[in-house]
Amino acid sequence: MADIEEDRVSISVMSSTILPPIFRSFYDRRPNIRIQQSILPDSVAKERLISGEIELCVSNTPITGTDIEWLPVLKERLDLIVPKNHRLAQFDEIDLLEAKNERFIGYKSGLESISMFEKCCLEAGFTPNIVFEGTEMSIVLQLVNEGQGISFYPQYSFLGEQLANTKIIRLKNSHCYQMVGFAWLKNKKYSYVSKQFRQHMIQAFIDINNKNNR
């Protein structure tokens with residue numbers, strides 16, 4: 001029974017195309033492991049991390065605290081996503097400032113005072129007109145798909161294929177990115193498998209980041 005319990009790992013993640021191959025490669029090493037995965041708002045993930053309900057968080061915003069270790073690992077580019085019939089859809093790449101008068105559909109994790117999306121706009125030189133701000137990325141992007149505004153699209157989101165009425169546009173602005181990182185408790189005694197899984201995840205993200213920077 002102790003061995004069974006040790007072969008369980010609980011993790012909260014964001015939606016990303018990166019994760020399934022990483023999970024698969026860990027199953028190749030330990031086929032009997034049971035991974036319990038959930039997608040939670042960062043505020044909820046932090047609470048469950050502290051309570052011990054989950055062992056590891058993967059997040060695109062920092063999860064910090066006195067007893068929490070936060071390790072940023074992967075720089076994820078943010079593109080712009082617009083409806084196909086939008087005036088900007090004719091372009092493949094633009095400066096974000098060209099979208100300053102548009103209706104923005106925003107995303108906020110629940111831990112930030114100002115979202116990364118809003119910070120990108122402010123650094124580009126304007127305050128975005130945010131008509132909707134949600135905590136669920138799939139809803140934010142679906143609203144864009146339905147023509148209600150424009151938003152930012154994380155480089156590794158898997159939702160693009162479901163958004164038939166949208167166009168993804170590269171941004172010339174180098175500051176438009178978010179750092180993906182890992183959070184776990186500093187002083188908790190984790191099982192061998194849990195620590196092995198954490199290191200596997202971190203190394204996989206580091207490898208992807210290094211590949212992107214070549």
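Which residues line the largest cavity? Let's find out, keeping in mind that this model is predicted. Searching the whole structure turns up three cavities of 30 Å³ or more, and the largest nonpolar core has 36 residues.

**The largest cavity**
- The lining is made up of Phe104, Ile105, Gly106, Ser115, Phe117, Glu118, Cys121, Pro128, Ile130, Ser151 and Phe152.
- Strand 6 (103-107), helix 4 (116-124) and strand 8 (151-154) are the elements that give two or more residues to this lining.
- The space inside the largest cavity is about 60 Å³.
- Sorted by class, its lining has seven nonpolar, three polar and one charged residues.

**The second largest cavity**
- Here the space is about 40 Å³.
- Asn60, Thr61, Tyr107, Glu112, Met116, Phe117 and Gln178 form the lining.
- These residues divide into three nonpolar, three polar and one charged.

- Nonpolar side chains tend to be buried together in soluble globular proteins.
- In the largest core of this model, the residues with the most contacts inside it are Ile11, Leu49, Val58, Phe182, Phe197, Met201 and Phe205.
- Several elements each supply at least two residues of this core, among them strand 1 (8-12), helix 2 (19-29) and strand 10 (177-185).
- Helix 6 provides the largest share, six residues.
- Leaving aside residues up to four places away in sequence, Phe205 touches Met14, Ile18, Leu19, Ile22, Val58, Val73, Leu74, Val180 and Phe182.
- A second, separate core has 30 residues, including Tyr107, Leu141, Leu143 and Leu159.

Note on methods:
Residues are numbered from 1 along each chain as its sequence is written. This is a predicted model: local features need pLDDT of at least 70, side-chain atom pairs count only at pLDDT 80 or more; totals for chains, interfaces and linings use all residues. Side-chain values use heavy atoms; hydrogens and water are left out. A nonpolar core is a set of buried Ala, Val, Leu, Ile, Met, Phe, Trp, Tyr and Cys residues joined through side-chain atoms within 4.5 Å. Buried means under 20% relative accessible area, exposed over 50%, partly exposed in between (1.4 Å probe, protein chains only). Helices (H or I, at least four residues) and strands (E, at least two) are DSSP runs, numbered from the N terminus. Contact means heavy atoms within 4.5 Å. On a 1 Å grid over the protein atoms alone, a cavity is a set of points where a 1.4 Å probe fits but cannot get out, and a pocket is an open set with protein on both sides within 12 Å along at least five of seven lines; lining residues have an atom within 4 Å of a point. Grid points are joined across faces, edges and corners, and a volume is the space filled by probe spheres set on the points. Ala, Val, Leu, Ile, Met, Phe, Trp, Tyr, Cys and Pro count as nonpolar, Asp, Glu, Lys and Arg as charged, and the others, Gly among them, as polar.
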